[in-house]
Amino acid sequence: MSLKNAGHATSNELIWLHKIEERLHKNPYDVNALIELGFLYIEPLHDPKQALATLEYAIGLAPDNVDAHFWLAKTLYHDHFRNADAKKLLTQALIIDPSRADCYDLLASVLRSMGEDREKSIALLLQVIKLEPTWVTPRISLGYYFLEKNNLDAAESLAREAESILQSITFTAPSTPKEKYFEECITGRIPDRQKNINDLLCKILKQRIG
């Protein structure tokens, strides 16, 4: 299998790419390897067309694989602007496994982009926090929802909770590019997320002052 756009990848990502290529050379039907490859086409390789084809193939091989649903929905939403299809995939994924916080989180973003009632997105993000109490990014997102509703106490409470989580957790280096992306872009359990918390707190203060 030829890996396109490898020039976009770092040296560590290239090592991971070659490992996946070796796995798929041995077994072209390795669904987990296909999902890893699909992710890499989404992120360091920036090849949405190949990501779509790879992840659709993975789902064809394993229709109940929730990871395949999640990453295919991710590229459909972010890269192909097919929100309705992403919503359908995520809804199916949550029927298969209702405990997948990442699917609730992405579905909240998809519904917001579709202009659906923001209360649905709020309910989904609350479910994310219930399932994954140490995730930071959903609290920041919820904080902005409550800021828009002028519920400043709730917004500040969420920002402070997020700040407390960052101060209490031990940061560990991810072992794969997908894990790195997951922590940076989905859970938000990284030191740099404090900047986003500070921005939210600043906006809350400005709105309190009027």
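Before anything else: this is a predicted model. With that said, let's go to helix 4.

Helix 4 covers residues 66-78. It has 13 residues and reaches 18 Å from its first C-alpha to its last. That is close to the 18 Å expected at 1.5 Å a residue. The buried residues include Val66, Phe70, Trp71 and Leu72. Lys74 and His69 are also among them. What do the buried residues of helix 4 pack against? Helix 2, helix 3, helix 5, helix 6 and helix 10.

Take helix 3, residues 48-61. Two packed helices are described by an angle and a distance between their axes. For helix 3 and helix 4, the angle is about 155° and the axes are 9 Å apart. An angle over 145 degrees counts as roughly antiparallel, so helix 3 is roughly antiparallel to helix 4. The crossing is left-handed. From helix 3, the contact uses Pro48, Ala51, Leu52, Leu55, Glu56, Ala58 and Ile59. From helix 4, it uses Ala68, His69, Trp71, Leu72, Thr75 and Leu76. By class, that contact has 10 nonpolar, 2 polar and 1 charged residues.

Next pair: helix 2 and helix 10. Helix 2 is residues 31-42, and helix 10 is residues 177-187. Their axes are 10 Å apart, at an angle of about 60°. That makes helix 2 oblique to helix 10. The crossing of helix 2 and helix 10 is left-handed. Who meets whom here? Glu36, Phe39 and Leu40 in helix 2 meet Pro177, Lys178 and Tyr181 in helix 10. The class count for this contact is 4 nonpolar, no polar and 2 charged residues.

Trp16 sits in helix 1, residues 11-26. Is Trp16 buried or exposed? Buried, with a relative accessible area of 18%, because the cut-off for buried is under 20%. Beyond its neighbours within four places in sequence, Trp16 is in contact with Glu36, Leu40, Thr176 and Pro177. Look at Thr176. Trp16 and Thr176 are 160 residues apart in sequence, yet 7.4 Å apart in space, C-alpha to C-alpha.

First, Asp102, in helix 6. Its relative accessibility is 5%, so Asp102 counts as buried. Leaving aside neighbours within four places in sequence, Asp102 is in contact with Phe70, Trp135, Phe182 and Ile186. Then Arg100, in the loop between helix 5 and helix 6. At 17% relative accessibility, Arg100 counts as buried. Again leaving aside neighbours within four places, Arg100 is in contact with Val66, Asp67, Phe70, Leu94 and Leu131. Notice Phe70. Phe70 is in contact with Asp102 and with Arg100, and it is one of the buried residues of helix 4.

On to helix 8, residues 137-148. Helix 8 has 12 residues and reaches 17 Å from its first C-alpha to its last, close to the 16 Å expected. Of the 12 residues, 9 are buried, so helix 8 is largely enclosed by the rest of the structure. Among the buried ones are Arg139, Ile140, Gly143, Tyr145 and Phe146. Which helices do the buried residues of helix 8 pack against? Helix 6, helix 7, helix 9, helix 10 and helix 11.

Last topic: backbone torsions. Following helix 8 comes Asn150, with a positive phi near 65°. His46 has a positive phi too, near 50°, and is not a glycine. His46 is in the loop between helix 2 and helix 3. With 46% relative accessibility, His46 counts as partly exposed. Then Phe81, with a positive phi of about 55°, again not a glycine. Where is Phe81? In the loop between helix 4 and helix 5. Its relative accessible area is 66%, so Phe81 is exposed.

That's my tour. Questions are welcome.

Key:
Residues numbered from 1 in each chain as written. Predicted model: local features only at pLDDT ≥ 70, side-chain atom pairs only at ≥ 80, totals over all residues. Heavy atoms only, no water. Axes fitted to C-alpha atoms, helices over the stretch in contact; angles between N-to-C directions. Helix = DSSP H or I, 4+ residues; strand = E, 2+ residues; numbered from the N terminus. Parallel < 35°, antiparallel > 145°, perpendicular 65-115°, else oblique. Left-handed = near helix turned anticlockwise from the far one by under 90°. Contact = heavy atoms within 4.5 Å. Nonpolar A, V, L, I, M, F, W, Y, C, P; charged D, E, K, R; others polar. Expected span 1.5 Å × (residues − 1). Buried < 20%, exposed > 50% of the residue type's maximum accessible area, 1.4 Å probe, protein only.
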